[in-house]
Amino acid sequence: MDLDEYQRGALRTAAPRDKRNELFHLVLGLVGESGELAEKVKKWVRDLDSEESRIDRAGIAKELGDVLWYVAVLADHLDLSLDDIATANLAKLASRQGRGVLGGSGDDR
């Protein structure tokens, strides 16, 4: 499955684009699901001493799936293709690597 195919599939379970406050709903949903992912990692650190063999991979995979769904639907809401976003992101990171600026901060480094 490619990313645009996933995006089309995710839209089958999305609210209509013209639903009132849908953009706001999608952004908050993405933040919420990202928080649930962080919560899984927090509990791994707190309760399992960050022992990698004990991390809840299945739970994290579910949360990552939820994050992916929100990213896909949010991108569509803004008329953006996941394939295009992924391609541009990899090109940006390759450029940073080539210039030796992967570390650091700032979008335009």
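Contact here means heavy atoms within 4.5 Å. Helices are DSSP runs of H or I with at least four residues, numbered from the N terminus.

The model is predicted, so local features need pLDDT of at least 70 and side-chain atom pairs count only at pLDDT 80 or more, while totals for chains, interfaces and linings use all residues. Residues are numbered from 1 along each chain as its sequence is written, and side-chain values use heavy atoms, with hydrogens and water left out.

**Stop 1: helix 3**

Select residues 57–77. This is helix 3, with 21 residues. The expected span of a helix is 1.5 Å times one less than its number of residues. For helix 3 that gives 30 Å, and the end C-alpha atoms are 30 Å apart, so the two agree.

Now colour by burial. Buried means under 20% relative accessible area, exposed over 50%, and partly exposed in between, using a 1.4 Å probe and protein chains only. The buried residues of helix 3 are Gly59, Ile60, Glu63, Val67, Trp69, Tyr70, Ala72, Val73, Leu74, Ala75, Asp76 and His77. Show what lies over them: the cover includes helix 1 (3–11), helix 2 (22–48) and helix 4 (82–98).

**Stop 2: the aromatic pair**

Stay in helix 3 and display the side chains of Trp69 and Tyr70, both buried. A pair of aromatic rings is described by the distance of the centres and the angle of the planes. Rings of Phe, Tyr and Trp (its six-membered ring) pair if their centres lie within 6.5 Å; planes under 30 degrees apart count as stacked, over 60 as edge-to-face and the rest as tilted. By this rule the model has one aromatic pair. Tryptophan 69 and tyrosine 70 form it, edge-to-face, at 4.8 Å centre to centre with 85 degrees between the planes.

**Stop 3: helix 1 across helix 3**

Axes are lines fitted to C-alpha atoms, for helices over the stretch in contact, and angles run from 0 to 180 degrees between N-to-C directions. The axes of helix 1 and helix 3 come within 9 Å and cross at roughly 90 degrees. Angles under 35 degrees count as roughly parallel, over 145 as roughly antiparallel, 65 to 115 as roughly perpendicular and the rest as oblique. Helix 1 and helix 3 are therefore roughly perpendicular.

Select the contact. From helix 1 come Tyr6, Gln7, Ala10 and Leu11; from helix 3 come Gly65, Leu68, Trp69, Ala72, Val73, Ala75 and Asp76. By class, there are eight nonpolar, two polar and one charged residues. Ala, Val, Leu, Ile, Met, Phe, Trp, Tyr, Cys and Pro count as nonpolar, Asp, Glu, Lys and Arg as charged, and the others, Gly among them, as polar.

**Stop 4: helix 1 and helix 4**

Keep helix 1 and bring in helix 4. Their axes come within 7 Å and cross at roughly 140 degrees. That makes helix 1 oblique to helix 4. Leu3, Asp4, Tyr6 and Gln7 in helix 1 meet Leu82, Asp83 and Ala86 in helix 4. This contact divides into four nonpolar, one polar and two charged residues.

Centre on leucine 82, in helix 4. Leucine 82 is buried, because its relative accessibility is 6%. Which residues does leucine 82 contact, leaving aside neighbours within four places in sequence? They are Leu3, Asp4, Tyr6, Gln7, Val71, Ala72 and Ala75. Draw a distance from leucine 82 to aspartate 4: they are 78 residues apart along the chain, yet their C-alpha atoms are separated by 5.6 Å.

**Stop 5: helix 2**

Select residues 22–48, which are helix 2. Helix 2 has 27 residues and reaches 38 Å from its first C-alpha to its last, close to the expected 39 Å. Its buried residues are Glu22, Leu26, Gly29, Leu30, Glu33 and Trp44. Their cover includes helix 3.

Pick alanine 38, also in helix 2. Its relative accessibility is 44%, so alanine 38 counts as partly exposed.

**Stop 6: positive phi**

Most residues other than glycine have a negative phi, and most peptide bonds are trans.

- Asparagine 21 has a positive phi of about 65 degrees. It sits in the loop between helix 1 and helix 2 and is partly exposed at 47%.
- Aspartate 79 has a positive phi of about 60 degrees. It lies in the loop between helix 3 and helix 4 and counts as exposed at 62%.

Technical notes. Helix = DSSP H or I, 4+ residues; strand = E, 2+ residues; numbered from the N terminus.
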